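Q: Could you walk me through this model, element by element? I'd like the cut-offs spelled out as you go.

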Amino acid sequence: MKDSKAYYDHLATSYNTESDNRKNYLTAVDKYIAKSVNNIRVYNFLDIGAGNGNRSIEIANSISVEKEIVLIDSSSKMLENASKLENVKAHNTSVFDFNTSTKFDLITCLWNVLGHFNTKEERIQLFKKISTLLAPKGVFIFDVNNRYNINHYGLHNVEQNLKNDTLNIKDAGWFTLGEKTNQTRVYMHSPFDINTYIDQTDLSVEEIKYIDYTTGETKPTFFEGQLVYKITKL
Ligand SMILES: C[S@@+](CC[C@H](N)C(=O)[O-])C[C@H]1O[C@@H](n2cnc3c(N)ncnc32)[C@H](O)[C@@H]1O
């Protein structure tokens with residue numbers, strides 16, 4: 001089993017095919033981001049776990065970022081092309097080693113990046129770090145794969161996940177991602193996990209969307225989609 005960095009270094013050349021297969025979902029999230037910040041001026045935009053940066057650049061263009069576009073990713077291969085772009089500052093580092101006095105009006109962490117943090121403590125530290133990086137009135141948007149998403153993972157699997165959670169089974173929420181030659185562990189969230197991170201910070205949930213992983217449609221309940229959060233500072 002590889003760590004996330006080795007897994008994404010390996011996947012980098014075929015990453016666009018992966019994201020094309022999820023186009024409806026990813027586009028729906030990107031549109032939601034653009035809509036969510038249409039009433040604020042975005043001077044600085046930070047994308048954590050930006051991958052190859054293609055989505056970050058599209059989002060930045062759709063919201064007209066006025067000053068800095070900053071990308072962070074732990075995989076050097078994923079970030080390779082984005083590093084060459086003139087109007088972008090790309091950092092191949094852990095978010096915990098990223099230090100700056102810049103405050104960001106928009107921070108994103110998209111497509112289950114959060115599921116690659118190894119422990120709950122690390123995820124809480126990430127939320128605390130994001131709180132220090134957000135500008136006053138800034139917005140943080142992230143999405144995670146949802147282990148209670150019946151539409152996508154099926155009733156049987158979700159029943160099993162609910163049972164594991166109820167019985168407090170060790171490692172509930174951890175799954176294997178990828179094909180045999182390239183695999184990593186990934187954490188799939190439940191809708192209740194996120195509050196346990198937020199509660200440790202001065203962040204607050206402004207809106208939660210449930211978005212169908214195949215069609216990109218907004219759904220009424222968390223049993224029908226992946227989880228997209230709009231977060232602001234208290
Ligand atoms: C599924 S990809 C998503 C990429 C991009 N956000 C997108 O939507 O196309 C997850 C990305 O998170 C990055 N990643 C995983 N753990 C990370 C960490 N601790 N810090 C920074 N990046 C991380 C991976 O290298 C990978 O590029």
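Q: What kind of model is it, and how are residues numbered?
A: This is a predicted model, in which local features need pLDDT of at least 70 and side-chain atom pairs count only at pLDDT 80 or more, while totals for chains, interfaces and linings use all residues. Residues are numbered from 1 along each chain as its sequence is written.

Q: OK, what is the strand order in the sheet?
A: The open sheet of eight strands has the order β3-β2-β1-β4-β5-β10-β8-β9, with mixed pairing. Strands (E, at least two residues) and helices (H or I, at least four) are DSSP runs numbered from the N terminus, and two strands pair if DSSP finds at least two bridges between them.

Q: And which strands are at the edges?
A: Those are β3 (88-91) and β9 (218-219), each of which pairs on one side only.

Q: Which helix packs on the sheet?
A: Helix α4 (residues 54-63) does, touching β1 (44-48), β2 (68-72) and β4 (104-109), and its direction makes about 160° with that of β2. Axes here are lines fitted to C-alpha atoms, for helices over the stretch in contact, with angles running from 0 to 180 degrees between N-to-C directions.

Q: How do β1 and β2 pair, parallel or antiparallel?
A: They pair in the parallel sense over five bridges, and N44 stands opposite E68 in β2. Four of the five residues of β2 are buried, a label given when 20 or more other C-beta atoms, placed from the backbone, lie within 10 Å of a residue's own, whereas 12 or fewer makes a residue exposed and anything in between partly exposed.

Q: What about β10, how does that strand pair?
A: Strand β10 (residues 226-233) pairs with β8 (residues 203-211) in the antiparallel sense over eight bridges, and six bridges join β10 to strand β5 (residues 134-144), again antiparallel. As for individual partners, I208 has Y229 of β10 as its bridge partner, E207 stands opposite K230, and D143 stands opposite V228.

Q: Is E207 buried or exposed, and why?
A: E207, in strand β8, is exposed because 12 other C-beta atoms lie within 10 Å.

Q: Switching to helices, how do α3 and α4 pack?
A: Helix α3 (residues 23-36) and α4 pack at an angle of about 35°, with their axes 10 Å apart. The contact is made by L26, D30, I33 and A34 of α3 and by R55, E58, I59, S62 and I63 of α4, where contact between two residues means that their C-beta atoms, placed from the backbone, lie within 7 Å.

Q: What's the make-up of that contact?
A: The residues divide into five nonpolar, one polar and three charged, with Ala, Val, Leu, Ile, Met, Phe, Trp, Tyr, Cys and Pro counted as nonpolar, Asp, Glu, Lys and Arg as charged, and the others, Gly among them, as polar.

Q: Now the ligand: how many residues surround it?
A: There are 20, and the closest are G49, G51, S75, W111 and H116; a residue is near a molecule if its C-beta atom, placed from the backbone, lies within 6 Å of it. The shell divides into nine nonpolar, nine polar and two charged residues.

Q: Last one, where is V95, and what does it touch?
A: V95 is found in the loop between β3 and β4, and V95 is buried because 21 other C-beta atoms lie within 10 Å. Leaving aside neighbours within four places in sequence, V95 is in contact with I48, I72, L126 and K129.
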